[in-house]
Protein chains: 2
Amino acid sequence: LPLHGQNFPRPLSNLSSLAVFGPGLIGGSILRARGKFFPGSKLRIWGRSHANLEQVKSTLGDECFISTDPSEVAAGAEAVIFCTPVDSMEELAEKIHTSASSARWFTDAGSVKGDLVLRLEKILGPRYLGSHPMAGSEKTGFSSASAGLFTNAVCILTPTGTTPPEVRREVGEFWQGLGCRITECDPFQHDEMVARVSHLPHLTAAALVEVVADEALNVAGPGFRDSTRIAMGDPEMWTGILMENRDAVLRSIEKLEDSLQTAAEALRHNDRQSLKNLLSHAAQKRARIS
Amino acid sequence: LPLHGQNFPRPLSNLSSLAVFGPGLIGGSILRARGKFFPGSKLRIWGRSHANLEQVKSTLGDECFISTDPSEVAAGAEAVIFCTPVDSMEELAEKIHTSASSARWFTDAGSVKGDLVLRLEKILGPRYLGSHPMAGSEKTGFSSASAGLFTNAVCILTPTGTTPPEVRREVGEFWQGLGCRITECDPFQHDEMVARVSHLPHLTAAALVEVVADEALNVAGPGFRDSTRIAMGDPEMWTGILMENRDAVLRSIEKLEDSLQTAAEALRHNDRQSLKNLLSHAAQKRARIS
C-alpha cells in the first residue's frame, strides 16, 4: 500500500477543540502529543472512571474539560476520536451524535473496521471516517502513553463511498500531525490485512506461550521473548478485537496452519531444500521491513 | 528447571588454551569475551575460510593460532568447543579426536542435543559434554559477535550417565565465566523443550511472514516486527537445526495447532469467556519471564 509521509512536526492551528474518548495508551498518547503538535487545541476527555480522569487532568494541566458523560464531552468539540475498546464504540456514538453537532469529523483508533465502520457511519453520518494507527505495545493505560508513540507509525484510513474529501484530508492531517504515515483502504480489506499482520500474530504468540511447559519457561532465550512479547497484551481488549474480526481471524489461522504444514511436510520427508527455500523466502521478505 | 547463577566476572586461571571451532556469532562472542573472562588462555581457532580467520585474528590481536586444519587447531588445546552448524560437528569430531589427546573437556554450542550428543560422545569419549547457550539473535557472523552476548543467558548442559563430575563442573564454570546461568537436563528432554521454546517459534515466525501479502507488509506495526524478527535468522543454519531435531519439532507443530484450534473454537462459537481465559492465561504465564 502506498504510504504518505508526514510533514513533521506540523501543528494544525485550525483544530480549536478535540474530544478524546478513552485516555488509555492510544488516547493518552494523543493527549500527551497534543501540546507539541496541536498547541491551540482545547481538550475534552471522556472516561469511565472519574478518578482516572482526575489523574489524566492533573498530568496534562488545568486547561482540559473532563467528564464521564459522553454527550457533555462531545458538545462543542470540533473533532472527536474514540480510543475505547472497539466493542464500546457504537454505544458511545449513539450517546453523542446529537450533542456533537459542531464536529467537523469523527474518527476512532480501533483495530477492527469492516462492519463496524458501516455501523458507526450509520449513526454518525459521513463525517465519520475510520482510522487505525498501527502503534501500541503490550502495555496499556494512560501511564504508558507517550507523545512519541505515533512517530513513523502507519495509520490506515478506511473511507467508504460516502466519505467527503475534506474529511479524508482533515483526518489524514490529524494523524500526520501526530507523526504517522498515512495509507487508505476499504474497511473490509483492512480487516483481512490486519487479521494477518496483527491479530494472528497476537493469537499465535499466546498459543506459543501455552505450548511451553511451565518448568521450561525459564530457559527461554531472546528469540522466544521477542516472538511472544505481544502475548502480554490486555486480554479484555484483545478478546474484543479478535471477536469483532472473527471471520478474518479464522481465515488467517487456516492460512498459518497451511504454512506450518508446508514446513512439516518438508521435515517429514527430510526435504532440506524445500525447508531452506521456505526459510530463505521468509527471511528475505521480513528483512524488507527491518 | 533450577538455574545456577553466575559468579561474575569470574576468570578461570586454570584454562591455559582454548580451541574454538567456528568463529561466528557464538564462537566469535566467546573469543571476544575471552580477554575479559579468561585473560590467561591462549586461543586456537578453526574456520573453513582462511580469509575470515585472518580477519578474526586481526580483530583479536596477534596471540591466537588460526588454521583451516581441524587436527592442528585441536592439538595441545586444554579445552575444545564446537560453534559450527550442528550438522558439521560429527565430521569435525572425527578429524580431531586423535590430535586432541591433551583436552580436559570438549563441548559444543549447538541448538540440538539428543542423538547428536550420543554420537559425539561415542567419537570423543566421556570428556565430551553437550552445551546449549540460549543466546544469539537473528544476526550471524563474527562481525555481530560481542563479549556481552552471554550475560544472564541460560546455558543448558546435557550430561549422560557416563559424564564425569569434573567435566560437568569445568564446562559449567566455563559458561558461568562467560556470564551464563547454568541448568542441566537429559539430551532428549533438552530437544523436546528446545523444540517448543526455540525451534517452533522460529518456524512460526517464518510462517507468519509468509501469511502476510507482500503489499500489506509495510503496514506492519511493532507487534508484527517483534514477533517475526527471528524469521530473519540464517536459513542454512536453521535448516540444519530443524532437520536435526525434526521429530520433536513435528510434535511441537501439532501442539501449536491444538492450541490455535482451541482459540479458533472459541471464535467460531462466539465464546468470549473461553477466548479471554486463554489470552489471560498466556499473558500471565509470559509475564513471569518479562
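**Exercise 1. Find which element of chain A has the lowest mean pLDDT and which has the highest.**

Solution. Start with the score: pLDDT is the predictor's confidence in each residue, from 0 to 100. Elements here are DSSP runs numbered from the N terminus, with helices (H or I) of at least four residues and strands (E) of at least two. Now zoom out: chain A has a mean pLDDT of 92, and 95% of its residues reach 70 or more. For the complex, the predictor gives an ipTM of 0.83 and a pTM of 0.82.

Some ground rules before moving on. This is a predicted model, where local features need pLDDT of at least 70 and side-chain atom pairs count only at 80 or more, while totals for chains, interfaces and linings use all residues. Residues are numbered from 1 along each chain as its sequence is written, chains are lettered from A in the order in which they are written, and side-chain values use heavy atoms, leaving out hydrogens and water.

**Exercise 2. Work out how chain A can be laid on chain B.**

Solution. First, superpose the copies by least squares on the C-alpha atoms of residues with pLDDT of at least 70 in both.

**Exercise 3. Describe how H9(A) packs on H11(B).**

Solution. For helix H9 (residues 235-244) of chain A and helix H11 (residues 272-287) of chain B, that gives about 135 degrees, with axes 9 Å apart. The pair is therefore oblique (under 35 degrees is roughly parallel, over 145 roughly antiparallel, 65 to 115 roughly perpendicular, the rest oblique). Finally, look at the residues: those meeting across the contact include Trp238(A) and Leu242(A) from H9(A), and Leu275(B) and Leu279(B) from H11(B).

**Exercise 4. Now bring in H7(A): how does it pack against H9(A)?**

Solution. The axes of helix H7 (residues 187-211) of chain A and H9(A) come within 11 Å and cross at roughly 125 degrees. That makes H7(A) oblique to H9(A). Ser198(A), His199(A), His202(A) and Leu203(A) of H7(A) touch Trp238(A), Ile241(A) and Leu242(A) of H9(A). H7(A) also packs on H11(B), at about 65 degrees with axes 9 Å apart. There, His202(A) and Leu203(A) are among the H7(A) residues in contact, and Leu275(B) and Leu279(B) are among those of H11(B).

Technical notes. Axes are lines fitted to C-alpha atoms, for helices over the stretch in contact, and angles run from 0 to 180 degrees between N-to-C directions. Contact means heavy atoms within 4.5 Å.
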